[in-house]
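Me: Hi! Could you walk me through this structure in plain words, with a few questions and answers?

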Amino acid sequence: MSAASAPVLDAVPQPAAGAQGVVRTLTRIEVGRLLRQPVFIIAVLLFVLTAVMGSVNEYANADYVITEGGGTESNLDWPVLPAFMLGLGGLIAMNRVTKGASRAGDVVLAAPASAFQRSLALCLACLVPAGIALLAGVFEFTRWMVDPPVQSMSWGEFTSGELAAIVLQGVLAALGGPLLGVAVARWWRWPTAGAITAVGLILWSVLSGVVRDTSVWERLLHHTAPFTLVAYNTEGVSWTQGGNHYWRFAYLVGLCLLAAIAACAHGSTGELRRTLVRAALIVGGLTILALALTVLTGQVGHYGPWDPRWTLS
Amino acid sequence: MSTTVTFTGVTRRHGKGIALDRVDVALEPGVTGLLGPNGAGKTTLLRLLATVLPPTEGRCRILGLDPDSSDDRIEIRRRLGYLPQEVGYPRGFTAFEFVDYVAALKEWSDRPGRHAEVRRVLDLVGMADLAGKKMRRLSGGQRRRVALAQSLIGSPELLILDEPTNGLDPEQRASLRGVLSSAGQRSTILLATHQTEDVAALCERVIVLDSGRIRYDGSVRDLVAQAAGRVWLADVESPNALSSWRTGTGRFRHVAMDAPQGVELAEPTLEDAYLLLRGGERDSVDMEVA
């Protein structure tokens, strides 16, 4: 800027386009920011790497293969990949993206785009990790269908629809984690809130799998967690999780919606806030119902056929 | 001339403290300066104008609209530009991306039009050449100019600037004055600053705020005129002066409510008048308030 330069104020700016398209425009910008977020880049690279490695390893075509020492490998573990990489990585990345956008402070607050529109754009950006997980999930599921695994104890127990629901649970984890990251950033401004939430989710998921029996309480403990394994293989003991996977899918959809509503409710006022609270109550109620149906319907959990505790025949 | 802003009996409390106390202000097109010591309530007044804060009491009309109404508030925001005292920047943004982001928040949804507008305002503040540079790599003055650029998006009818010349070198400040004086021909600009020379150079009118109350609201010329005969040069320091300092010539410049007889009077500046106004308040001496 030189003192001699003439200001170019004569240029007539184009009129603003109004409220329409604001969310779309902001979503594009937030997607761009997410795609450049280092944590997200690493998470996607790790996800792609582990997914590819999983496809080419020697157990690729076996959902349950007895290994040395009596352990097993299971393709039903697949949802852990998007959940861990894209869900948790996306949580931290979107948490940072959200907090970064808030740094502009009063500049953002004095703009006509509302807090709801800004939060909605951030929530829509969370569809990116979910989309990546969905692509991988479709590939994995197609592979299962085209090239059925051998020794399919679990395949005998799960229908194609249930298997699709299991795959989609991993996709929902890749959506719910980032949505939770936005909500946490909106409501808790302290620097490590995103990381602490991620650790909390891991602990919740791990602790939910500690108990393994065939009771309703066991299924409740497992399925309450946002992410839980469908098949376990630890210390020579294999275990297939019971419950209704269609309803669990609905339960996870409910959790994702609750996270999005929580994110959008921050900074909302008046009628919009009342609408969001009503929506949260309705979705919350339906989510609890879906959890109850997940636990009370479907198959019970069981050990693998090579385990002395095997109960299904 | 149409009134852009009317504040009537506006009070803003922060906890038990009062940041603004029954303030009455009317702003019209042109550049109005806002002076006051730290903690005077300048930033609170600007935040109220920018609809970032609601008043605790009193009535506000901005651009003919009521900021208490949600729809009106959004409409006001469409038509104002705001440069806060401190602006944070999302990590990883370039100067262009930051201004583009704010333009999107200001509902510039059409991409080519938005980008053209972003280039225009960056050019206005002389940052066009550095548009692709990351914000974190820019100097403090350059960041300030980028922050100023975002406030100019859409040539707003009401421009609220909180210390816009902070961190700018003299050449940049001179250029900024050119931008603001041109903008002031069609917009209402409120310029809060500690730089009295910026107010003297740009503003016809000045408001002096202290302890949440307006101490002076009138023309710059009248305020400076009140300091006439109260600024003088002498070879020795005067203990009774409100303010005195040794100038580059080695002589002392004094500012006081009453100049001694027979001293060499100096041409007063806005800064002298401001110091007198502040000193007058401290000494409970009534100065004429326009």
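Reply: Happy to. Buried means under 20% relative accessible area, exposed means over 50%, and partly exposed lies in between (1.4 Å probe, protein chains only). This is a predicted model, where local features need pLDDT of at least 70, side-chain atom pairs count only at pLDDT 80 or more, and totals for chains, interfaces and linings use all residues. Residues are numbered from 1 along each chain as its sequence is written, chains are lettered from A and ligands numbered from 1 in the order in which they are written, and side-chain values use heavy atoms, leaving out hydrogens and water.

Me: How many residues of strand 3 of chain B are buried?
Reply: Strands (E, at least two residues) and helices (H or I, at least four) are DSSP runs, numbered from the N terminus. In strand 3 of chain B, B:Gly30, B:Thr32 and B:Leu34 point one way, while B:Val31, B:Gly33 and B:Leu35 point the other way. The strand is largely enclosed by the rest of the structure, because the buried residues number 6 of the 6.

Me: Which residue stands opposite B:Val31 in strand 7 of chain B?
Reply: Two strands pair if DSSP finds at least two bridges between them. Strand 3 and strand 7 (residues 188–192) of chain B run parallel, joined by 5 bridges. Opposite B:Val31 stands B:Ile189.

Me: What is the order of the strands in the open sheet of chain B?
Reply: Strand 5 (80–83) and strand 9 (213–219) of chain B are the edge strands, each pairing on one side only. Strand 3 also pairs with strand 8 (residues 205–210) of chain B, in the parallel sense over 4 bridges. With 6 strands and mixed pairing, the order is 5-6-7-3-8-9.

Me: Is B:Asp21 buried or exposed?
Reply: A salt bridge is a side-chain nitrogen of Lys or Arg within 4 Å of a carboxyl oxygen of Asp or Glu. B:Asp21 forms one with B:Arg213 (3.0 Å, N to O), linking strand 2 (residues 17–27) to strand 9 of chain B, 192 residues apart. B:Arg213 is partly exposed at 33% relative accessibility. B:Asp21 has a relative accessible area of 15%, so it counts as buried.

Me: What is the relative accessible area of B:Arg251?
Reply: B:Arg251 forms a salt bridge with B:Asp235, with the closest N and O atoms 3.1 Å apart. B:Asp235 is exposed, at 59%. B:Arg251 counts as partly exposed, because its relative accessible area is 24%.
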